[in-house]
Amino acid sequence: MLSEPTTLLDRPRPSSPAPPLDWLTLADAFEVACLVRCMPAPAAGVRRLDVDPDRGGVAEFNREDAAHRMRQLLRRLDVPVEHALTTGGLRRRYELHRLSVPREHRPAYANLLAAGWRQGRRELLGGPAPGASTARRLWRPRLAASAWRAALLAGGRHVRRHCLGIRLADRDLAAVLVRGAALLEVPAVLRPGSGCFLVSVPNGEHRARITESATLG
């Protein structure tokens, strides 16, 4: 018995890729992605859950300014977020800021985070394209500043007399910071540490340029 012919119309069509984010949305989504990829220094004594939006859309920070910045960004991205504060410790008290996205909004949040990280990482790690548009030349340093702002807020600080360092568990984010520093005309060094990666910039004018670039106007 002959099988019935299959027409092209019967074949499942591959889903079309999502359109790229506009620059303003990308900057906010990329900074959120960098925030949730940061880890505090081991000496902080406070655990922050690594965020997997598919498993719950939860982030925990031990610094209020990091939690405040993430809330601000998610508000601009039209993603609702709930903020809970807990305190603990005996002689050494600490605060833990827990941000959670309501369950019904988690798929949109996960898609936005994935797109922001993928597109922002590609912009920073890719070399300068010949004939790049004015918008791309303008926004790539802004994306670099967003990555460093997230790291300074939520990463593990490693301050020494000669340098400012950030401890990170995420290798990709460490590479993004090194490339971002180069776009901001600052030399950065990446060194492997004990269970982490350390990105450092020299003190003086280079540290000042990084912190000024990451400061919100």
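The expected span of a helix is 1.5 Å times one less than its number of residues. In this predicted model, helix α5 covers residues 171–183, 13 residues in total, and extends 19 Å from its first C-alpha to its last, close to the 18 Å expected. Its buried residues are L173, A174, V176, L177, G180 and A181. These residues span an arc of only 160° around the axis, which places them on the same side of α5. An α-helix has 3.6 residues a turn, so residues three or four places apart point the same way.

At the start of α5, a side-chain oxygen of D170 comes to within 3.0 Å of the backbone nitrogen of D172. After the helix comes E185, which has a positive phi, near 60°.

**Salt bridges**

The count of salt bridges is 9.

| Pair | N to O distance |
|---|---|
| E31 and R149 | 3.0 Å |
| R63 and D65 | 2.7 Å |
| R121 and D172 | 3.8 Å |

E31 pairs with R149. E31 belongs to helix α1 (residues 23–37) and R149 to helix α4 (residues 134–154), so the pair ties together parts 118 residues apart in sequence. E31 counts as buried because its relative accessibility is 1%; R149, at 12%, is also buried. E31, R69 and R149 are linked in a salt-bridge network.

The side chain of R121 meets that of D172. This pair links distant parts of the chain, with R121 in helix α3 (residues 106–125) and D172 in helix α5, 51 residues apart. R121 is partly exposed at 31% relative accessible area, and D172 is partly exposed at 34%.

R63 and D65 form a salt bridge. R63 is partly exposed at 27% relative accessibility, as is D65 at 33%.

Notes. Residues are numbered from 1 along each chain as its sequence is written. This is a predicted model: local features need pLDDT of at least 70, side-chain atom pairs count only at pLDDT 80 or more; totals for chains, interfaces and linings use all residues. Side-chain values use heavy atoms; hydrogens and water are left out. Helices (H or I, at least four residues) and strands (E, at least two) are DSSP runs, numbered from the N terminus. Buried means under 20% relative accessible area, exposed over 50%, partly exposed in between (1.4 Å probe, protein chains only). The arc is that of the directions from the helix axis to the C-beta atoms. A polar contact is a pair of N or O atoms within 3.5 Å; within protein, one must be able to donate a hydrogen and the other to accept it, and residues adjacent in sequence count only if both atoms are side-chain atoms. A salt bridge is a side-chain nitrogen of Lys or Arg within 4 Å of a carboxyl oxygen of Asp or Glu.
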